[in-house]
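Here's a quick briefing for anyone meeting this structure for the first time. Have a look at the model, then read on.

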Amino acid sequence: LLDLVVVRCQVRVGERVLDIGTGTGELARRFAQHRGCRVVGLDPSEAMIEEARHKAAAWRKAAAGQWGDVTFQVAGAPFLEIPYPDGAFDAVANTQAFHHLHERHKAAAVREMARVLRPPGKVEGRGGGRLAIGDPMFENRDALEAALARWPDGLEEEYFAYLETLETFFGDAGLSYHAERLSRINWVVWGQRQ
């Protein structure tokens with residue numbers, strides 16, 4: 001899931017990436033290690049950020065000079081109040097975090113993530129910045145109900161996104177929309193700022 005999110009962001013060496021809900025920094029590490037990006041990881045948990053910083057120090061020591069720049073910071077509402085200006089990032093990504101955000105906030109979160117993406121035309125030959133979300137998702141409410149019935153002990157109901165509404169949210173935020181199923185419940189959705 002994390003690797004597919006990195007691929008769908010199509011970032012180049014040195015570009016700026018925002019990882020929202022970074023947790024212990026695994027997605028941020030992939031962007032920094034494999035793409036040499038400058039990455040900012042946001043998370044509301046101070047404990048998670050401390051662990052991410054600790055792990056990043058170990059990565060840098062083990063692979064001296066082979067990484068992009070990675071920083072981590074605590075943000076109280078990282079999906080809804082991104083502490084960066086408009087157009088600050090070439091890509092915004094998150095994995096295994098979007099389902100923690102209440103459904104009434106998902107449209108606003110997509111708009112906020114799109115806000116900090118690079119607009120089209122800012123970089124010669126490149127379209128606008130890209131947003132990628134890797135998370136448990138369902139086509140619609142009926143698909144979620146079927147999954148809950150199929151796995152009553154293995155799937156707790158959270159605030160799972162529905163693909164049919166995410167497509168609308170992406171369009172309303174000025175993003176193209178694509179979805180790719182990775183497993184029975186895990187999807188990657190991504191789009192580019194238009």
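**How two helices cross**

Helices α4 and α6 make a right-handed crossing, meaning that the near helix is turned clockwise from the far one by less than a right angle. Helices here are DSSP runs (H or I, at least four residues), strands are runs of E with at least two, and both are numbered from the N terminus. Keep in mind that this is a predicted model: local features need pLDDT of at least 70, side-chain atom pairs count only at pLDDT 80 or more, and totals for chains, interfaces and linings use all residues. Residues are numbered from 1 along each chain as its sequence is written, and side-chain values use heavy atoms, with hydrogens and water left out.

**The α4–α6 pair**

- The two helices pack at an angle of about 40 degrees, with axes 9 Å apart; axes are lines fitted to C-alpha atoms over the stretch in contact, and angles run from 0 to 180 degrees between N-to-C directions.
- α4 and α6 are therefore oblique to each other (under 35 degrees would be roughly parallel, over 145 roughly antiparallel, 65 to 115 roughly perpendicular, and the rest is oblique).
- On the α4 side, K106, A107 and V110 meet L166, F169 and F170 of α6, where contact means heavy atoms within 4.5 Å.

**How α4 sits in the structure**

- Helix α4 (residues 106-115) has 7 of its 10 residues buried, so it is largely enclosed by the rest of the structure; buried means under 20% relative accessible area, exposed over 50%, and partly exposed in between, using a 1.4 Å probe and protein chains only.
- Those buried residues are K106, A107, A109, V110, E112, M113 and A114.
- Their cover includes β1 (16-20), β4 (91-95), β5 (130-138), β6 (161-162) and α6 (163-172).

**The cores**

- In the largest nonpolar core there are 34 residues, and F98, V110, M113 and L166 have the most contacts inside it. Such a core is a set of buried Ala, Val, Leu, Ile, Met, Phe, Trp, Tyr and Cys residues joined through side-chain atoms within 4.5 Å.
- α4 gives this core its largest share, 5 residues.
- Beyond its neighbours within four places in sequence, L166 touches F98, V110, M137, A161, Y177 and V189.
- There's also a second, separate core of 24 residues, with V6, A28, C37 and F72 among them.

**Over at α3**

- A58 belongs to helix α3 (residues 46-62) and is partly exposed, at a relative accessible area of 45%.
- The C-alpha atoms of A58 and L166 are separated by 37 Å, and the two residues are 108 apart along the chain.
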